[in-house]
Amino acid sequence: MTTEDQHAGTGPSPEHGARPVPVAKAAAPFSVVSAGPAADPLHAVQGSHPVVPLPADGHALIELVRQPLRRGVIVPVVGWQGGLGRTTITRALAATFRRIRGEDPVAVDAVPMSGALTAAADHPADYSAVDLAAMPWPPPREVMPRLLTTVDGVPTLTGPPPARGVLAEPPALLTAVDRMAKLARLTFVDTVADIAGAPTRDLIRNPNGVVVWVASATRVGLWGIAEALTYYRAIGAADVAPRSVVAIIGGRGRWHADAAAAEAQLAGLGVETVRVPYSAKPLSDSKVRPAVDRLLAAVVLRAR
């Protein structure tokens, strides 16, 4: 671990991605969101209007999260730096959506070799993303109640357990994510850090999605995201920046000047940045909750 990482608070912790802590009690069965009227079809984010700034008041942020939201939004959570807390942010966002709206989102483990989200399941899953991709669609009625497990009470589609020795290929993961997105308003996808590789590249480029980047409060972490956005603009996907939100995992000490400069650069690209304070127990720390509320509000604002 580098000195810079130590300042950023990126060391391993019990509740960060590498060692998720399962929740003992599972939630109620997953409830499918109805298709609703014709005015609520699946459609891509238009990106024609600039996103307004977030309110500073915490109550206003919560009210924003409760606003009407179209169906089928995919939210890939992308970690530029491995082990920083991508899975933790995925879990926190999904649980916060459920807490504030009283509505189930879906979480999907899209790590090819079964990631930390699968390891955090409240109980073993009957099916995985690979199984869902191979099923006829829609799935048989008797399969639906057993399709998902839960993580922190949130309905979750896991990857194949390591004991099966099955690699989840990118096409299967993309098919599974697309199918899950038809069943809920928001589908949070925990995905690998290679922003130019499949399936992450396709999830980021999906115009029907809002991208959450997770980075440390360092110049390296934040400039890496700026470089990624430059890459997508170069390949004709300039819409990625206005659909992006950055969760900056802050250090235990002072905020570095070069990190603040990199944060300002991202803001100049139209990207919302949210500082998430470092915590050894981020999923239960009350000091982290306001930052996650703000992060979710930024996602919802871009998803409406």
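## Overall organisation

The structure described here is a predicted model. Its chain contains ten helices and eight strands. Of the 304 residues, 54% count as buried.

Among contacts between residues at least 6 apart in sequence, 82% join residues at least 24 apart.

## The nonpolar cores

The largest nonpolar core comprises 42 residues, of which I89, L93, L186, F188, V212 and L295 touch the most other members. Two or more residues are given to this core by each of the helices α2 (58-65), α3 (86-101) and α10 (289-303), and by each of the strands β1 (73-79), β5 (186-191), β6 (211-216), β7 (244-249) and β8 (272-276). The largest share, ten residues, is contributed by α10.

When its neighbours within four places in sequence are set aside, L186 is in contact with L69, V73, V75, F97, P105, V106 and V299. Another core, of 23 residues, lies apart from the largest one and includes L157, M180, A184 and L203.

## Helices α2 and α10

Two packed helices are described by the angle between their axes and the distance between the axes. For α2 and α10, the angle is about 40° and the axes are 9 Å apart. Angles under 35 degrees count as roughly parallel and those of 65 to 115 as roughly perpendicular; α2 and α10 are therefore oblique to each other. Their crossing is left-handed.

On the α2 side, the contact is made by L61, I62, L64 and V65, while α10 supplies D293, R294, L296, A297, V300 and L301. By class, this contact of α2 with α10 has eight nonpolar residues, two charged residues and no polar ones.

## Helices α8 and α9

The crossing in which α8 passes α9 is left-handed.

Which residues of α8 and α9 meet? From α8 come R219, L222, W223, I225, A226 and L229, and from α9 come D258, A259, A262, E263, Q265 and L266. Sorted by class, the contact of α8 with α9 has eight nonpolar, one polar and three charged residues.

Terms used
Residues are numbered from 1 along each chain as its sequence is written. This is a predicted model: local features need pLDDT of at least 70, side-chain atom pairs count only at pLDDT 80 or more; totals for chains, interfaces and linings use all residues. Side-chain values use heavy atoms; hydrogens and water are left out. A crossing is left-handed if the near helix is turned anticlockwise from the far one by less than a right angle, and right-handed if clockwise. Helices (H or I, at least four residues) and strands (E, at least two) are DSSP runs, numbered from the N terminus. Contact means heavy atoms within 4.5 Å. Ala, Val, Leu, Ile, Met, Phe, Trp, Tyr, Cys and Pro count as nonpolar, Asp, Glu, Lys and Arg as charged, and the others, Gly among them, as polar. A nonpolar core is a set of buried Ala, Val, Leu, Ile, Met, Phe, Trp, Tyr and Cys residues joined through side-chain atoms within 4.5 Å. Buried means under 20% relative accessible area, exposed over 50%, partly exposed in between (1.4 Å probe, protein chains only). Axes are lines fitted to C-alpha atoms, for helices over the stretch in contact, and angles run from 0 to 180 degrees between N-to-C directions. Angles under 35 degrees count as roughly parallel, over 145 as roughly antiparallel, 65 to 115 as roughly perpendicular and the rest as oblique.
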